[in-house]
Amino acid sequence: MGEEAAARWLEARGFAVVERNWRCGRYEVDIIALKEGQLHIVEVKCRVKNGLTVPEEAYTEAKFAALQRAAEAYILEKGIDTDTRFDLVSVVHSNGKFEVEYIPDVMVPSW
């Protein structure tokens with residue numbers, strides 16, 4: 001449900017969601033979107049309100065490295081030649097309500 005809330009939030013703000021849960025071997029990208037000629041590789045992290053950790057704490061260097069490898073495979077497979085950004089969508093839910101926070105350029109790729 002958190003990924004669905006994130007996708008709806010992005011679409012409402014002009015992003016075109018082109019893939020969800022795209023997989024390449026053991027790597028996965030939650031959402032792949034386009035906006036203003038840029039490719040957005042979006043990681044979604046969801047947590048319960050007032051939980052022990054906030055969603056952003058789950059976005060680690062190791063997670064980013066895996067996400068970057070998945071993005072490279074996606075770009076190669078689709079023949080994409082455009083700027084790529086890595087974004088995070090934090091979703092906090094409570095009683096069926098979702099609070100969505102978009103964090104652009106959460107990490108910069110090393111390619």
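Which residues does Val89 touch, not counting residues up to four places away in sequence? I looked that up and found Ala6, Leu10, Val42, Glu43, Val44, Lys45, Val100, Glu101 and Tyr102. Contact here means heavy atoms within 4.5 Å.

**Ground rules.** I noted that this is a predicted model, where local features need pLDDT of at least 70, side-chain atom pairs count only at pLDDT 80 or more, and totals for chains, interfaces and linings use all residues. Residues are numbered from 1 along each chain as its sequence is written, and side-chain values use heavy atoms, with hydrogens and water left out.

**Val89 and its strand.** I placed Val89 in strand β4. Helices (H or I, at least four residues) and strands (E, at least two) are DSSP runs, numbered from the N terminus. Val89 counts as buried because its relative accessibility is 0%. Buried means under 20% relative accessible area, exposed over 50%, and partly exposed in between (1.4 Å probe, protein chains only). I also checked Cys46: it is 43 residues from Val89 in sequence, and their C-alpha atoms are 8.4 Å apart in space.

Then I looked at the whole of β4, residues 84–94, and found eight of its 11 residues buried. β4 runs antiparallel to strand β5 (residues 97–107), and eight bridges join them. Strands pair if DSSP finds at least two bridges between them. Val89 has Tyr102 as its bridge partner in β5. Two residues sit between the strands of this hairpin, and there Asn95 takes a positive phi near 50°.

**Helix α1.** Ala6 is in helix α1, and it counts as buried because its relative accessibility is 0%. With residues up to four places away in sequence not counted, Ala6 touches Ile31, Val44, Val89 and Val91. For Ala6 and Val44 I noted 38 residues of separation in sequence and 7.1 Å in space, C-alpha to C-alpha. Which residues of α1 are buried? They are Gly2, Ala5, Ala6, Ala7 and Leu10. After α1 comes Gly14, and its phi is positive, near 95°.

**Aromatic pairs.** How many aromatic pairs does the structure hold? I got four. Rings of Phe, Tyr and Trp (its six-membered ring) pair if their centres lie within 6.5 Å; planes under 30 degrees apart count as stacked, over 60 as edge-to-face and the rest as tilted. Phe15 and Tyr102 make an edge-to-face pair, 5.6 Å centre to centre with 65° between the planes. This pair links distant parts of the chain, with Phe15 in the loop between α1 (2–12) and β1 (16–24) and Tyr102 in strand β5, 87 residues apart. Phe15 counts as buried because its relative accessibility is 7%.

Trp22 and Tyr74 are also edge-to-face, at 5.0 Å centre to centre and 85° between the planes. Trp22 lies in strand β1 and Tyr74 in helix α2 (residues 61–78), so this pair ties together parts 52 residues apart in sequence. Trp22 counts as buried because its relative accessibility is 8%, and Tyr74 because its value is 5%. I also wrote down one aromatic cluster, formed by Trp9, Phe15 and Tyr102.

**Val17.** Is Val17 buried or partly exposed? It counts as partly exposed because its relative accessibility is 21%. Val17 is in strand β1 and touches Ala7, Glu11, Ile31, Ile32 and Ala33, again not counting residues up to four places away in sequence. Between Val17 and Ile32 I noted 15 residues in sequence and 6.0 Å in space, C-alpha to C-alpha.

**Cores.** A nonpolar core is a set of buried Ala, Val, Leu, Ile, Met, Phe, Trp, Tyr and Cys residues joined through side-chain atoms within 4.5 Å. The largest one has 15 residues, of which Val29, Ile32, Leu39, Ile41 and Phe86 touch the most other members. β2 (27–35), β3 (38–48) and α2 each supply at least two residues of this core, and α2 gives the largest share, seven residues. Apart from this core lies another, of 10 residues, among them Ala7, Leu10, Phe15 and Ala33. In soluble globular proteins, nonpolar side chains tend to be buried together.
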